[in-house]
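Start with the model itself.

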Amino acid sequence: MKLYLKPGSCAMAVHIALEEAELTCEIETVDLATKQTASGEDYLTINPNGYVPALVLDDGEVMTEAVAILLYIASLAPEAELAPSPGSKAYFELLSHLVFITTELHKNFSPFFKPNSGETWRGIAQKNLNARLSLMNEHLATRDYVAGERFSVADAYLFTVLSWSRVVHVSLSPWPHLERFVARIAERESVQRAMQAEGLK
């Protein structure tokens with residue numbers, strides 16, 4: 001398999017999941033401004049959406065969208081227990097958390113990465129983001145992981161999104177449970193390996 005990513009982007013969640021699952025995968029970076037891969041390919045021929053991640057499977061098919069790829073990786077390595085059994089109540093609870101992370105947290109961080117988004121848009125996004133961070137902070141008040149008793153793909157995704165707070169100067173100090181979550185997950189060997197491979201350490 002081959003994973004196309006931009007270092008530190010949402011694709012890092014996929015990278016972490018691959019490390020957790022101990023799956024062999026080639027990594028190639030993408031310049032999202034020029035849509036060129038590190039090897040000089042036109043990324044739009046790989047993923048017409050133009051964003052990361054994109055995972056090229058062993059049969060040549062291309063899978064896109066972080067949530068779908070995360071669940072696919074979990075299915076490839078059931079022994080890693082990165083997701084509950086498909087079809088179970090716990091599986092759909094995990095899916096609910098993944099959807100919340102991608103639609104309510106990920107998307108509300110997006111305006112802070114766009115210089116032309118304007119103060120009004122950023123202000124709205126900040127208000128929405130604060131409310132969603134508060135909800136997740138409360139959720140993590142009595143548990144170590146987003147879903148269930150152990151690390152899952154939801155933790156890889158939440159860690160990745162919350163790590164953007166440092167980049168866009170959004171302090172997590174009002175949400176101490178989120179701060180503790182980030183610090184704890186950052187210590188995992190899979191996270192350390194993924195960040196080092198992406199040049200973030």
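## The domain interface

This is a predicted model. In it, domain 1 and domain 2 bury about 1,400 Å² between them. Carbon and sulfur atoms account for 71% of that area. Which residues of domain 1 lose the most area to domain 2? They are Val67, Leu71 and Val191. Together they make up 33% of what the domain 1 side buries.

Domain 1 is made of two stretches, 2-80 and 191-198. Domain 2 covers 89-188. The contact takes 17 residues from domain 1 and 19 residues from domain 2. Taken over C-alpha atoms, the domain centres are 20 Å apart.

How many salt bridges are counted between domain 1 and domain 2? The count is one. Glu20 also forms a salt bridge with Arg188, with the closest N and O atoms 2.8 Å apart.

On the domain 1 side that touches domain 2, the elements giving two or more residues are α1 (11-21), α2 (66-76) and α7 (189-197). The residues of that side divide into 13 nonpolar, three polar and one charged.

## What the UniProt record says

An unreviewed UniProt entry annotates residues 1-81 as "domain: GST N-terminal". In the model, this span is 27% helix and 22% strand. Its end C-alpha atoms lie 20 Å apart.

The record, again unreviewed, places "domain: GST C-terminal" at residues 87-201. Here the chain is 68% helix and 0% strand. The end C-alpha atoms of residues 87-201 are 38 Å apart.

## Salt bridges in the whole structure

A search of the whole structure finds eight salt bridges.

Terms used:
Residues are numbered from 1 along each chain as its sequence is written. This is a predicted model: local features need pLDDT of at least 70, side-chain atom pairs count only at pLDDT 80 or more; totals for chains, interfaces and linings use all residues. Side-chain values use heavy atoms; hydrogens and water are left out. Domain bounds come from an automatic or database domain assignment. Contact means heavy atoms within 4.5 Å. Buried area is the accessible area (1.4 Å probe) that two parts lose on being put together, summed over both. A salt bridge is a side-chain nitrogen of Lys or Arg within 4 Å of a carboxyl oxygen of Asp or Glu. Helices (H or I, at least four residues) and strands (E, at least two) are DSSP runs, numbered from the N terminus. Ala, Val, Leu, Ile, Met, Phe, Trp, Tyr, Cys and Pro count as nonpolar, Asp, Glu, Lys and Arg as charged, and the others, Gly among them, as polar. UniProt positions are given in the numbering used here, feature names are shortened, and annotations may be inferred rather than shown by experiment.
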